[in-house]
Structure formats: structure tokens, C-alpha cells
Amino acid sequence: MGEKNEESPLGFEIRTLSNQINRRINQMIAEEEENLTAHQCWVLKFLIQNQEREIFQKDIELFFSIRRSTANHMLQSMEKNGYLDRISVPEDGRMKRLVCTEKGWQAYRRMEERLSRFARMLEAGISREEIQGFRRMLQRMNDNIL
């Protein structure tokens, strides 16, 4: 396999890092014997952090930049496994509000410390300024392709 170098396309480097991050988080989740993926853990975190407002599938699609079919499949799996409920809103029975269940809360609590530890490991040796600069760069790249 060829070596990566400074000439490797940034998109390739970002995708490779994303794959490694997801693989490691999925390993951590498996160690907890949870039936979740890394993406599903992030959805639980999003639901918990936004529990004071109504969250719908469309919010998940927009926040995570995923397609409707991807979000639907992921949310159906999470609902089937008892991590969230979809509750019809009285104004429009087609709209389903997403609510984290007690099982979802418990799974998130178990994973929260591991995810924090992983984030600290990922950012080790990188200054706050470098992290902020990297976030700005990622935002510019995101803006460039939208």
C-alpha cells in the first residue's frame, strides 16, 4: 500500500481519519455491549442536549448532513432497539418527535466518559488555538462544497 504524504488530497485524509475515529468509537461501544454505532451515539447526545425542544428526523438530517433514507434507517434501528421513541405531534400526525428513552439515556451515560476520554486522546498534543484553527478550516471547506 502506498504511503500518504503532503500531496495526498485533503478529502482523502479527512475521510481516512473519519473512518479511524468511527472504528475506534464502535470498538468502545462494543466493549460496553451496546447495540449502537458511533453515529447513533452522537444522535443520542444530540437528543439529550436538545431535550428542551422538539427534535424531528429533519433536524437529524440537517445537523449531521445525512440523507433522509440514511436518517430514517438509523432512527428505525434505534427505535427498534429501544433507544428512542417517535411520538406523533397533535398538529400533524405525520410528524414524529424524537425522544430519547430511559434505555437511551443509560447507554449515553455509560458511553459519555469513554467518549470524553477518546476526545482527549484524539486532541492530545494539539493546542486550543490549533484546534480552533482546524475547526475554522473545516468550516471553510464545508462552505466551499455547499
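Residue numbers start from 1 along each chain as its sequence is written. Because the model is predicted, local features need pLDDT of at least 70 and side-chain atom pairs count only at pLDDT 80 or more, whereas totals for chains, interfaces and linings use all residues, and side-chain values use heavy atoms, with hydrogens and water left out.

**The whole chain**

Begin with the C-alpha trace, which spans about 55 × 35 × 35 Å along its principal axes. Colour by secondary structure to find 6 helices and 2 strands, where helices (H or I, at least four residues) and strands (E, at least two) are DSSP runs numbered from the N terminus. Followed along the sequence, the pattern reads α-α-α-α-β-β-α-α.

**Helices H1 and H2**

Select residues 10–31 for helix H1 and residues 38–49 for helix H2, which pack at an angle of about 80 degrees with their axes 8 Å apart; axes here are lines fitted to C-alpha atoms, for helices over the stretch in contact, and angles run from 0 to 180 degrees between N-to-C directions. The two helices are therefore roughly perpendicular to each other, a term that covers 65 to 115 degrees, while angles under 35 count as roughly parallel, over 145 as roughly antiparallel and the rest as oblique. Now show the side chains of Ile21, Asn22, Ile25, Asn26 and Ile29 on H1, and of Ala38, His39, Cys41 and Trp42 on H2, since these residues make the contact (heavy atoms within 4.5 Å). They divide into 6 nonpolar, 3 polar and no charged residues, with Ala, Val, Leu, Ile, Met, Phe, Trp, Tyr, Cys and Pro counted as nonpolar, Asp, Glu, Lys and Arg as charged, and the others, Gly among them, as polar.

**From H2 to H5**

Cys41, Leu44, Lys45 and Ile48 of H2 meet Gly104, Trp105, Ala107, Tyr108 and Met111 of H5, a set of 7 nonpolar, 1 polar and 1 charged residues.

**The largest pocket**

Next, centre the view on Ser18, Ile21, Trp42, Arg135 and Leu138, which lie nearest the centre of the largest pocket among its 37 lining residues. On a 1 Å grid over the protein atoms alone, a pocket is an open set of points with protein on both sides within 12 Å along at least five of seven lines, and lining residues have an atom within 4 Å of a point. Its volume is about 2000 Å³, meaning the space filled by probe spheres set on the points, which are joined across faces, edges and corners; the probe is 1.4 Å. By class, the lining has 21 nonpolar, 9 polar and 7 charged residues.

**The strands and the second pocket**

Finally, select strand S1 (residues 84–89) and strand S2 (92–100), which pair in the antiparallel sense over 6 bridges, pairing requiring at least two DSSP bridges. A hairpin through 2 residues joins them, and aspartate 85 has valine 99 of S2 as its bridge partner. S2 also provides the largest share, 4 residues, of the lining of the second largest pocket, which holds about 270 Å³ of space. Its lining, including Phe56, Glu61, Arg86 and Arg94, divides into 3 nonpolar, 1 polar and 6 charged residues.
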